Amino acid sequence: MAKKRVKKPNTWDPNYNKSNNSGSGNDAYITTAGDKKIDSKNFWNNIEPKSEIFEQYYKAMGIIDNEEEFKKMFELMGKPLPTTFRINTTIGKSLQSLVIDQLKELVSESSGYKDIEIDGELVELPSPFSWYPNEMAWKSSIPKKSFKKNPELSKFHHFLVHHNQQGNITRQEAVSMIPPLFLDVQSHYNILDMCAAPGSKTTQILEDLHMKHNLENEEIIKRSLKVDGGDSGSSNEKPSIYIPKGCIIANDVDTNRCYMLVTQTTRLGSPAIIVTNHEAQNFPLLYSKNSDGSESPIYMDRILCDVPCSGDGTTRKNPEVWKKWTHAGSIGLHQLQIKIATRGCQLLKVGGRMVYSTCSMNPVENEAVIAQIIQKSGGSIKLVDVSSQYPSLIRRPGLHSWTVIDKAGNFPTFESQPEDKKYKLSKTLWPPTPQEAIDMHLEYCMRVYPHLQDTGGFFIAVLEKVSDCPNQIGKKTGPLNQIDNDQTIITTTATTTTTDNTTTTDEKTTETTIENQPKKQIKNDRQPKLKERDKRQKFFEEPFTVPSEELKKELDVVSKFYGLIEFPMGNLLTRGKNSQKIYWASDSVLSIISNESNNSLKVINCALKLFQRHDGLGAMECAYRISQDSVLWIEPFLSKRIITMTHDDLVMIFKKNEPFFTDFNESICDQLKAMEPGCFVIKISGALRETLSSGMVFSAWRGKVSMHLLVSKQEIESYKGIFHVIDDPVSPTNNTAIESVKKDESKEISSEIVQDQPKEQKDQN
Ligand SMILES: C[S@@+](CC[C@H](N)C(=O)[O-])C[C@H]1O[C@@H](n2cnc3c(N)ncnc32)[C@H](O)[C@@H]1O
């Protein structure tokens with residue numbers, strides 16, 4: 001389904017990250033590469049990109065044996081990152097190729113994009129990454145200040161802003177795109193993203209989850225357009241096939257960051273997502289109900305374990321790393337990383353794949369963690385050799401040995417530590433024996449160093465589960481088979497502070513195996529105990545539920561009102577007492593949410609908001625409005641209350657805000673008059689890209705004599721800019737307009753994150 005996205009914040013706006021204060025994850029840049037601020041002392045906050053102990057540590061570690069190369073790497077680590085972005089896959093294949101064609105044309109030599117010099121320096125051409133499939137990811141090293149200085153460059157900037165606004169491209173750091181690629185997502189998979197916020201990888205995975213059906217159904221889209229001339233929006237094909245069978249559960253321990261996840265993923269508008277708020281190391285095993293009433297554990301097909309880390313590969317966007325780097329940073333996180341990865345292994349399906357990643361180069365957070373989980377797994381977890389996948393991605397093999405150094409010295413082995421230190425540093429920090437390292441193929445891990453392809457530093461390991469783990473949860477096996485050996489309860493007394501994407505953790509851990517628990521308690525308690533801290537941090541989110549019989553009757557009225565044809569009414573969920581909001585869930589999401597055995601799942605948000613009830617507008621046939629977030633999805637199912645308009649009609653609506661029916665041509669005026677008051681859908685006619693708005697869909701309100709769009713003010717202002725209803729906000733000659741739109745967008749982003757998100761959650765009733 002060719003989907004055009006709306007409500008995209010402008011991530012090229014230098015105010016963007018300041019206002020959303022996302023502060024972490026791989027895409028939480030303070031500003032864009034090449035921006036004036038990056039080059040100035042402001043970006044580095046007067047921090048000199050240098051640290052003796054940092055450099056010395058990696059030199060001693062011998063991660064790169066060639067001295068020149070090592071020097072080159074550290075020099076680059078003190079320079080800003082290029083701007084990188086992905087073309088979204090959910091927009092459909094035709095639109096994808098159109099965006100790529102436009103990009104190529106824009107940066108081609110024939111467009112005058114040759115030997116452009118700015119301030120005496122030759123500008124490098126934007127180009128696709130050779131390792132990313134189908135030219136869907138690009139890099140640009142053009143400094144922002146240059147956009148104003150050259151008309152060809154300003155056209156490129158215009159392109160970026162426009163397509164970002166339209167949701168056709170997403171800004172994402174290059175290394176952050178790697179782990180989802182190795183997850184090898186299929187649309188029927190259940191996927192768990194254990195530490196997901198702010199959600200750049202989740203978004204990419206979610207797109208992949210939807211991609212297969214997009215490719216498969218491209219032909220179907222064309223056929224249905226032919227049948228109805230492309231303007232009625234209805235289709236002869238069953239539209240429900242567009243929804244992936246699987247789902248992604250995006251989890252994060254930090255509630256505020258979970259709301260960022262909601263913002264990121266809502267933009268994609270998917271019914272196949274659940275956002276949860278758990279400690280990843282205690283993430284509960286979920287169950288599905290079988291037709292005979294029994295239950296089966298849901299093991300995940302894919303798990304992304306992008307753990308909190310010291311982030312010392314992120315110096316190019318987080319200059320603070322230079323100031324804060326210590327030996328202890330990685331050591332303090334090592335145990336938590338092991339626990340999260342261990343839980344991931346327990347929740348993984350046999351035959352499933354888990355990708356472990358960090359934006360740290362420290363083996364203590366990487367190979368040491370992998371070695372430990374393989375050793376503990378009794379042969380059930382293996383590293384996968386992915387050297388033949390994405391061969392043009394330049395990477396170095398995982399290390400077989402390393403040294404553990406703390407600020408007091410350098411300890412070649414665990415045993416060589418002074419006695420008084422031994423209780424402080426865990427043995428797992430040290431490398432396995434050389435033979436063990438060979439046997440577990442630590443070289444299959446991947447190290448991406450900044451200088452290899454002008455990125456940040458990153459570590460990725462692809463693991464496969466070949467059999468049940470020794471302490472497999474959810475299995476009634478072995479001596480513990482009288483009870484549902486569900487959990488190894490990990491009680492972690494931890495103070496986890498997350499700043500940017502570095503996390504400092506001070507923790508003491510006790511693992512209590514099932515034997516130590518009173519039987520009765522375990523039997524009745526499938527989910528891990530809430531930690532004291534979690535109990536204090538009460539969970540206020542209202543649960544999602546399946547509609548009551550009474551609500552189902554109301555929804556039948558809604559279905560008739562909009563003339564829904566073949567819409568999966570059984571896949572609806574509601575939230576809160578008054579059922580004001582109705583959500584559309586994929587089969588997997590529905591199966592998880594509707595099973596009361598999963599009630600302890602702390603769901604922040606899930607599925608796709610479809611309808612919102614608005615009472616108090618006087619008597620009307622249907623009080624449920626279609627949410628703008630889901631209008632693209634529901635439009636193919638509508639047989640009523642849909643009006644096709646032209647680009648010019650849309651521009652007129654933007655100009656007048658609330659035009660009278662009589663402001664439209666006779667045909668539209670008659671259609672409006674013939675409708676009962678209430679929500680309706682506007683589809684803009686025209687073949688792909690015939691006009692800027694062709695194919696766009698809007699939720700709208702039919703009043704007594706006039707109509708208006710049910711779209712936020714900020715979005716309307718952005719559209720006005722794009723459609724030249726006001727001065728072009730991205731024109732290089734119109735700085736005042738740029739500033740005003742940027743201001744609005746930053747307001748929108750910050751209010752979405754700071755106010756709307758929690759509010760949205762609060763009034764889910
Ligand atoms: C490196 S960031 C993840 C970036 C994210 N995967 C992305 O691509 O946008 C690590 C995340 O782990 C979260 N975190 C820290 N400790 C955690 C825990 N015990 N369980 C789950 N999440 C945790 C942090 O809040 C942070 O959002």
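In this predicted model, G199 sits in the loop that joins strand 7 (190–193) to helix 9 (200–227). G199 counts as buried, because 28 C-beta neighbours fall inside 10 Å, where 20 or more are required for that class. When neighbours within four places in sequence are left aside, G199 is in contact with A250, M260, L261, Q264 and T265.

P198 belongs to the loop between strand 7 and helix 9, and the peptide bond leading from A197 to P198 is cis, with omega near 5°. S200, by contrast, lies in helix 9. S200 also counts as buried, because it has 24 C-beta neighbours inside 10 Å.

An unreviewed UniProt entry places the feature "binding site" at C195, A196, A197, P198, G199, S200, K201, D252 and D306. The positions are spread over 112 residues of sequence, yet they cluster in space, and the largest C-alpha distance is 13.0 Å.

From this site, the description may turn to the division of the chain. The domain assignment gives domain 1 (16–174) and domain 2 (178–469). Their contact takes 47 residues from domain 1 and 40 residues from domain 2. On the side of domain 1 that touches domain 2, the elements giving two or more residues are helix 3 (52–61), helix 4 (67–76) and helix 5 (93–106). Helix 3 supplies the largest share of that side, namely 6 residues. Sorted by class, the side of domain 1 that touches domain 2 has 23 nonpolar, 16 polar and 8 charged residues.

Which of its residues are buried? The buried residues of helix 3 are F54, Y57 and Y58. They lie on the same side of helix 3, because they cover an arc of only 85° around the axis. The buried residues of helix 3 pack against helix 12 (327–347) and strand 16 (404–406). On the face turned away from the buried side, helix 3 carries the exposed residues E52, I53, Q56 and A60. Helix 3 is followed by G62, which has a positive phi, near 65°.

At least three residues of the core are drawn from each of domain 1 (16–174) and domain 2 (178–469). I248 touches I191, D193, T202, I205, L206, L209, A272 and I273, when residues up to four places away in sequence are not counted.

Another buried position is found in a loop. L393 lies between strand 14 (381–383) and strand 15 (396–397). L393 counts as buried because 22 C-beta neighbours fall inside 10 Å. Not counting residues up to four places away in sequence, L393 touches W131 and I178. L393 and T315 are 78 residues apart in sequence, and their C-alpha atoms are 21 Å apart in space.

H441, in the loop between helix 15 (434–439) and strand 18 (446–448), has a positive phi of about 55° although it is not a glycine. A607, in the loop between strand 25 (603–606) and strand 26 (608–613), likewise has a positive phi of about 55° without being a glycine. Are these residues buried or partly exposed? H441 counts as partly exposed, because it has 17 C-beta neighbours inside 10 Å. A607 counts as buried, because it has 26 C-beta neighbours inside 10 Å.

The account ends with helix 24 (residues 713–722), whose buried residues are S718, Y719, G721 and I722. Seen down the axis of helix 24, these residues fall within an arc of 155°, so they line one face of the helix. Just after helix 24, H724 takes a positive phi of about 60°.

Technical notes: Residues are numbered from 1 along each chain as its sequence is written. This is a predicted model: local features need pLDDT of at least 70, side-chain atom pairs count only at pLDDT 80 or more; totals for chains, interfaces and linings use all residues. Domain bounds come from an automatic or database domain assignment. Two residues are in contact if their C-beta atoms, placed from the backbone, lie within 7 Å. Helices (H or I, at least four residues) and strands (E, at least two) are DSSP runs, numbered from the N terminus. Ala, Val, Leu, Ile, Met, Phe, Trp, Tyr, Cys and Pro count as nonpolar, Asp, Glu, Lys and Arg as charged, and the others, Gly among them, as polar. A residue is buried if 20 or more other C-beta atoms lie within 10 Å of its own, exposed if 12 or fewer, and partly exposed in between; C-beta atoms are placed from the backbone. The arc is that of the directions from the helix axis to the C-beta atoms. UniProt positions are given in the numbering used here, feature names are shortened, and annotations may be inferred rather than shown by experiment.
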